[in-house]
Amino acid sequence: MEIVDHVVLGAGAVGMAIAEALARRGESVRIVNRSGLREPVADVQSVAGDVADPAFAASATHGARVIYQALNPPYHRWAQEFPGLQAAAITAAQATDARLVAMDNVYMYGRADGRPFTEDRGYDAHTRKGRVRAQMARDLMAAHDAGRVQVTVGRASDFFGPRAGQQSLIGDWVIPPALADKTASVMGDPDMPHTYTFIPDIGENLVRLGEHDDALGRVWHLPSPETRTTRDVVALVYQAAGTRPRLKVTPAWQMRALGLVNRTIREINEMRYEFDEPFIVDASRAETELGLRATPLTDAVDQTVRWYRAQEVASSTADHKGTQRVAAR
């Protein structure tokens, strides 16, 4: 397999954003995931396989200078699969002597309790996924401290942007309804300030972490657009869509009922606490020490809405062509 400088493990929203950031730089990059890419990325290689297979992982990452850990198993399989996937990424980076840039979130901190989250916040997770993330974070730093691999960690808040889908609260439940001039759905208190991180910024800033020697051995909160209330963000979505803002809060009992038939919603319900109080992630350390930046909120929302609109147009065009083919038979 051809040697490349950068290997991205995972082809979800964040993995794709990392690959796009590297491609913009003209870097040689390969994306690795189990099933292959749903959409090609210009100037980016891809290979399908399971990084938990040591022989495959060694082949796919051999010779890389930087490996990006953006793997993300299904939400309901975190406890069973996530630690093993991270361990495989650590082993691969150690074998090829590559830096390991790990994507992380803020679940391990637990409740905000009226304070912004900073990198020196202690771990106080009260959820299953938070405890998984806390142990994974400890394992990463232990591998770095033991000299096995050079690690840097970027933590983002709840994300939004291209390819986010159902895992984003400012995703499928908000943007398609806004484009259709219908009512968006959110959970929790929409009038609480909440930090949302823009997915292209995550990709760009994780690449920046991999470029900085000073970032190694440390955890960094990735910059987000300015923190506003969820209601404010939804209003910006409707403004970008050109429709009238309409918002309903899905009550907890209804979310629990939906969770009985939808595993993703069942796991989202565990994190509902984030949306019932101010939830602010402070990234001033990365901004000051490394010069990392975020896209302004209005621009980030505009880009996200344009992406969703383009997907609708592409889907409509494909459906139309399919209908024409059927009619021609």
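Which helices each supply at least two residues of the lining of the second largest pocket? Here are some notes on that and on the helix packing.

1. A word on the basis: this is a predicted model, where local features need pLDDT of at least 70, side-chain atom pairs count only at pLDDT 80 or more, and totals for chains, interfaces and linings use all residues. Residues are numbered from 1 along each chain as its sequence is written, and side-chain values use heavy atoms, with hydrogens and water left out.

2. To the opening question: helix H1 (13-24), helix H6 (199-211) and helix H11 (297-328) each supply at least two lining residues. H1 gives the most, with three residues. Helices here are DSSP runs (H or I, at least four residues), as strands are (E, at least two), numbered from the N terminus.

3. The second largest pocket has a volume of about 170 Å³. A pocket is an open set of points on a 1 Å grid over the protein atoms alone, where a 1.4 Å probe fits, with protein on both sides within 12 Å along at least five of seven lines; lining residues have an atom within 4 Å of a point. The volume is the space filled by probe spheres set on the points, which are joined across faces, edges and corners.

4. Among the lining residues are Glu 20, Arg 24, Arg 163, Gln 303 and Trp 307. The lining divides into six nonpolar, one polar and three charged residues.

5. Now to H1 and H6 again: they pack at an angle of about 60 degrees, with their axes 8 Å apart. That makes H1 oblique to H6. Axes are lines fitted to C-alpha atoms over the stretch in contact, and angles run from 0 to 180 degrees between N-to-C directions. Angles under 35 degrees count as roughly parallel, over 145 as roughly antiparallel, 65 to 115 as roughly perpendicular and the rest as oblique.

6. Helix H3 (residues 78-96) and helix H4 (residues 128-145) pack at about 15 degrees, their axes 10 Å apart. H3 is therefore roughly parallel to H4.

7. Helix H8 (residues 252-259) and helix H9 (residues 263-270) pack at about 140 degrees, with axes 7 Å apart. This makes H8 oblique to H9.

Key: Nonpolar A, V, L, I, M, F, W, Y, C, P; charged D, E, K, R; others polar.
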